[in-house]
Amino acid sequence: MNKNSKLVSKNIRRSRFRCADAASFIVEALERRTLLSVSIVSDYIGIDFKSSGGYVPPDTSGAAGPAAYVETVNQAIRLFPDKTTNSVSASAALSTFFFTTGGLSRADGGSGLSDPIVAYDEQIGRFIVGDQDVNFSSHVSKFDIAVSKTSTPGSLGTSDWTFYSITTTESGYDADYPGNFGYNHDAFVFTLNMFGTTNHSMVVSVNQADLAANVAPASLHAFKNDLNDGSLRPTVMHDAAAGDPMWLVTEHGDNRSVDVIKMGGVLSTTATFTYTNLGVAAYSPAVHPLNPNGTVITTNTDSRIMKAAEANHTLVATHTVSVST
């Protein structure tokens, strides 16, 4: 569901931001490298189009932990307990996973799941699977997450997963999920594009300690903050320490700069957001991918930041652009 009118499609661009302090940002282009040769250890039997529910786009996602690999393709999930082999432990529809197995309730009788994602949160050693549940007529929404109880889940059952539902309803607004999860030492963070009278983003931060402890749903601490922006990408902060801020990245909207946002007070409903605008080489819309006969495969592409990750005070972000004329 690509509804944000300020976004347009692009080819791949990579940028690196030194982020020890917001006032001393340096933007660098990543160098071009020759890819190393690799050996395929094992082929994975991925979720196919039919098994995923036949949705377009497929929203393919996967995450590897110390031993296991978890894959989602639109409304299906598959667990590989040993990532060095292609043996499948379990597969399920995400509706079965969240509502039947997990016992969560739907947002309402007319809501539907969309935009799944899976990540391995190394800060707490847990897999996290998410899916939004929205009714675009009644404008109610929830975001459902399943958190593995260990770093090595052996099943898709309640013995290995804890299930949570976070209400994201704002009167008159429809929630839309723009992509990847992010986290630092203290908080697991995801963002929603909220479409209505005044489009904006909802930033949701969940207490990492709660997720690591597999607390009961009623004891989960989750915090919501609204921000006048769109398609914010939370950063995966590999070496974050207690008390560190969260960093988010988004396009500025001028095809020549990006905004890096420092989020303070992450585990509160009064978080602060400090912007740094960074100029990048000007970019232009990408040509839509084509079939061999020249017809367009899809126009469902845009230039939102697709991934942001940090280690050793360097933040790397990617999005799809093409070079400017």
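**Confidence, sheets and backbone**

Modeller: This is a predicted model. The pLDDT averages 88 over the chain, and 90% of the residues score at least 70.

Biologist: And where is the pLDDT below 50?

Modeller: Residues 1-14 have a pLDDT below 50, and in the model this stretch makes 67 contacts beyond near neighbours in sequence. Where pLDDT is low, the predicted coordinates should not be read in detail.

Biologist: Fine. Sheets next: what is the strand order in the one with β3?

Modeller: The order is β3-β4-β5-β6, an open sheet of 4 strands with antiparallel pairing. Its edge strands are β3 (61-64) and β6 (90-93), each of which pairs on one side only. From one strand to the next, the twist averages 10 degrees.

Biologist: How many bridges join β5 to β6?

Modeller: β5 (residues 76-80) is joined to β6 by 4 bridges, and the two run antiparallel. Within that pair, Ala-76 stands opposite Ala-93 in β6.

Biologist: Which strands does helix α1 touch?

Modeller: Helix α1 (residues 94-101) packs on the sheet and touches β5 and β6. The direction of α1 makes about 85 degrees with that of β6.

Biologist: And the sheet with β16, what is its order?

Modeller: That one is an open sheet of 4 strands too, in the order β16-β18-β19-β20, with antiparallel pairing.

Biologist: How many bridges between β19 and β20?

Modeller: There are 8 bridges joining β19 (residues 257-264) to β20, and these strands run antiparallel. Asp-259, for example, has Asn-277 in β20 as its bridge partner.

Biologist: Changing topic: which peptide bond is cis?

Modeller: The bond from Val-56 to Pro-57 is cis, with omega near -5 degrees. Pro-57 lies in the loop between β2 (26-29) and β3. Most peptide bonds are trans, and most residues other than glycine have a negative phi.

Biologist: What is phi at Asn-74?

Modeller: Phi of Asn-74 is near 40 degrees, a positive value in a residue other than glycine. Asn-74 is in the loop between β4 (69-73) and β5.

Biologist: Is Asn-74 buried or exposed?

Modeller: Asn-74 has 5% relative accessibility, so it counts as buried.

Biologist: And where does Asp-115 sit?

Modeller: Asp-115 is in strand β7 (residues 112-121). Its phi is near 60 degrees, a positive value in a residue other than glycine. The relative accessible area of Asp-115 is 9%, so Asp-115 is buried, the cut-off being under 20%.

Terms used. Residues numbered from 1 in each chain as written. Predicted model: local features only at pLDDT ≥ 70, side-chain atom pairs only at ≥ 80, totals over all residues. Heavy atoms only, no water. Pairing = 2+ DSSP bridges. pLDDT = per-residue confidence, 0-100. Contact = heavy atoms within 4.5 Å. Axes fitted to C-alpha atoms, helices over the stretch in contact; angles between N-to-C directions. Buried < 20%, exposed > 50% of the residue type's maximum accessible area, 1.4 Å probe, protein only.
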